Number of protein chains: 2
Amino acid sequence: MSRKISKQGLPPLDWLKVFEAAGRHGSFTAAAEEFGATQAAVSQRIRNLESWLGRQLFIRSARGVSLTVDGESYLPLVHDSLRALEQGTENLFGHSVRELRIAAQPSHLEMLLLPRLTVFSESYPDMRIVTETVPKRQDFEAADRALHIRYGRGVWDGREGVLLANEVLQPMTAPEHAKAWRSLPAIELRGERPGWSEWARVTGEGEPEMGPVSVDSMGHALRAARRGIGVVLGSRALASSLLQTGQLECAAAPELATIDGYWMTWPASLGKSKRQAEVLASLTAALQNL
Amino acid sequence: MSRKISKQGLPPLDWLKVFEAAGRHGSFTAAAEEFGATQAAVSQRIRNLESWLGRQLFIRSARGVSLTVDGESYLPLVHDSLRALEQGTENLFGHSVRELRIAAQPSHLEMLLLPRLTVFSESYPDMRIVTETVPKRQDFEAADRALHIRYGRGVWDGREGVLLANEVLQPMTAPEHAKAWRSLPAIELRGERPGWSEWARVTGEGEPEMGPVSVDSMGHALRAARRGIGVVLGSRALASSLLQTGQLECAAAPELATIDGYWMTWPASLGKSKRQAEVLASLTAALQNL
DNA sequence: TTCGAGAGTTAGGTTTTCTAATGTCTAGGA
DNA sequence: TCCTAGACATTAGAAAACCTAACTCTCGAA
């Protein structure tokens, strides 16, 4: 039985895409490359189309293919129609199609997302990334159509998501102080993460002496440590680019693993189409590469 | 992974067909009917499209659907593009697509094909049937792109085909003479079919007395018998419509089955697409209904 | 309150499509 | 002439996409 949905008087339209590309290139192989598929796939679809139309569209030779008279007549029509559709679709929906809105706390955007975005952008060069900073937790709800990157223990409400990395805390300092980190004052970090006393309790280490600095954001804490202000119980995930570039260094001290982590979530409606699923997968891969 | 062949910037075009129909009807159910598919299929394809575009195209309510602003904007573009493609395709290839050329001997066309064509035409109302009479055997070769209906023992050269009916011969007369057929003169039929003597030999019956009439075509022979000129060793297949309408009647006499038969054949290139395969199947079904 | 029409959802079977491997053909060079 | 490289065809089998059947949900009318 044939594919069920096929308008009377029109061949399956996806065959026409292949015809258009093959006609344009004068080569099945080149058309296949344009689609990232094999030459066999193109060959079969062209054959299907010719068979449906009842006419040859290409003349095959050992050196390549050329259009028959019928093919020559058909190509402009197909080309123009597809281009009109493409243009119109782009005008109406281009933004939604090629734009990815990402909401996160400013420091997460800066320390998790931005350093790894180039990897993603290489795969999807014409995809715009639009960030939306989320000062407070509850502001995530207002951005419910965007991707979220946030710290926590699991997936939220009606959204799907993946764990990018678990939170692992370890004392970190500027490189020049890494050896003698015990002599540095500890920087206090207020918030939902375990602090120095929890670290000391779990690892059995002695609690370092607290310094005068207390911040409420891991981003600030890490930057403070980089300047030599003290030792911070830093997040491996958030610090990873600072660590990789040598601006920060882990002290030779035990780490504290937590059950919390950094999650990327999206509305369940996203990711239903394969294209979006691929985009999400690519972004996930980039971000998990800590 | 998504379907491999999908032009950048364009969703799978077959989704657009469904969108166009659903938008035109304002109803998924109606669109489904137009395609001969289920409402679920339409629903899923629309959802895919919306997901690909990243926008809602329809507003769903319990009573039906209506287009969103985005949908309203998109519909004319899609409608016009598809229509242009449809029109252009029809202009260029309409004949090949909706025309079936059938070559056969005149009497086969008349007695096998025409009586059963209505059955086929009901399924494919806008398909033109173009017959080509073939006076001599070798003329089939000239019509090698057409369907052939011919008498013989199997499939020919590079063609595919099906057996429509085996040849079965039986004495036939006009209805008023059926009882007393032995008293009628036999009509001689020259050609490749077994004759009266073969019939007598195989069935063990006595050979009827030969009359003065000798013809070289089963069509002529049957018509002669219908006029009461004599008894003919008639082909069940070719006579079937005459028998059904009571213009001819089988005598109460044994039949002679042969290994020959009526075949429909087509170039192997036909029937490769599902559409053509369906057309062929439908025609075969009509013609086998003897 | 019940009913019916229309749409959503899901699981699972079918059909279509794609790929990998292999075959065929031709042109051009050794 | 023989060989090779490049382009397309063909095939079976795997993978993806698709469709249907069966069910649910919701709304508005009787």
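**Where chain B meets chain A**

Guide: Let's begin with the surface itself: 100% of the interface residues of chain B are also interface residues in chain A, so the copies meet through the same surface. A word on the ground rules: this is a predicted model, in which local features need pLDDT of at least 70, side-chain atom pairs count only at pLDDT 80 or more, and totals for chains, interfaces and linings use all residues. Residues are numbered from 1 along each chain as its sequence is written, chains are lettered from A and ligands numbered from 1 in the order in which they are written, and side-chain values use heavy atoms, with hydrogens and water left out.

How do the copies relate? Two copies of a chain are related by a rotation about an axis and a shift along it.

Now to the meeting place. In contact (heavy atoms within 4.5 Å) are 54 residues of chain B and 54 residues of chain A. Between them the chains bury about 5,200 Å², 61% of it on carbon and sulfur atoms; buried area is the accessible area (1.4 Å probe) that two parts lose on being put together, summed over both.

Which parts of chain B take part? Helices α1 (13–25), α3 (39–53), α4 (69–98) and α11 (274–288) of chain B each supply at least two residues of the side that touches chain A; helices here are DSSP runs (H or I, at least four residues), numbered from the N terminus. The largest share, 16 residues, comes from α4(B). By type, the residues of this side of chain B divide into 22 nonpolar, 16 polar and 16 charged.

Finally, look for salt bridges, meaning a side-chain nitrogen of Lys or Arg within 4 Å of a carboxyl oxygen of Asp or Glu. One salt bridge joins the side chains of E20(B) and R24(B) (2.8 Å, N to O). Both residues lie in helix α1 of chain B, four residues apart, about one turn of the helix.

Note on methods:
Ala, Val, Leu, Ile, Met, Phe, Trp, Tyr, Cys and Pro count as nonpolar, Asp, Glu, Lys and Arg as charged, and the others, Gly among them, as polar.
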